[in-house]
Amino acid sequence: MNSIQLSVVHRLPQSYRWLSGFTGIKVEPIPLTAIDEESNLIGLKLLSHEGDMAWQVMRKLNLSLQEIQVECAVVEWEGQPCLFVHRGDESTTLCRLKNVGAAIAESISALYPF
């Protein structure tokens, strides 16, 4: 069975940038005041898999994005593999992930909370 089609991806709430000297290897969160910079990254993590399976799925998603020439990297963040892409590629990334069968978990804010 294709593990990508059973995957649920969630966008991390912060913005990130490559740690100086560690492009493609390590990230750091950035303050809200720097959100408009071209070097800003968004992070995506899996909600559906853990451990080795999570790493395998993230590598497959990474390869899928590279096929359409979206620059990305899988980096460990807070003990989990996360996929980081440039903020400007967010829409393309989410569209591609949906097309390969991953589900995108989105935050929902209720207008009329119960």
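**Salt bridges**

Guide: Across the whole structure, a search finds 3 salt bridges, a salt bridge being a side-chain nitrogen of Lys or Arg within 4 Å of a carboxyl oxygen of Asp or Glu. The model is predicted, and local features need pLDDT of at least 70, side-chain atom pairs count only at pLDDT 80 or more, and totals for chains, interfaces and linings use all residues. Residues are numbered from 1 along each chain as its sequence is written, and side-chain values use heavy atoms, with hydrogens and water left out.

One of these pairs is Arg11 with Glu90, whose closest N and O atoms are 2.8 Å apart. This pair links distant parts of the chain, 79 residues apart, with Arg11 in strand S1 (residues 8-11) and Glu90 in helix H2 (residues 90-99); helices (H or I, at least four residues) and strands (E, at least two) are DSSP runs, numbered from the N terminus. Arg11 has 25% relative accessibility and counts as partly exposed, a term for values between buried (under 20% relative accessible area) and exposed (over 50%), with a 1.4 Å probe and protein chains only.

Arg17 and Glu28 form another salt bridge through their side chains, at 2.9 Å from N to O. Here the linked parts are strand S2 (residues 15-18), which holds Arg17, and strand S3 (residues 27-30), which holds Glu28, the two residues being 11 residues apart. Arg17 is partly exposed at 30% relative accessibility, and Glu28 is also partly exposed, at 24%.

Glu67 pairs with Arg96, the closest N and O atoms lying 2.7 Å apart. Glu67 counts as exposed, at 60% relative accessibility.
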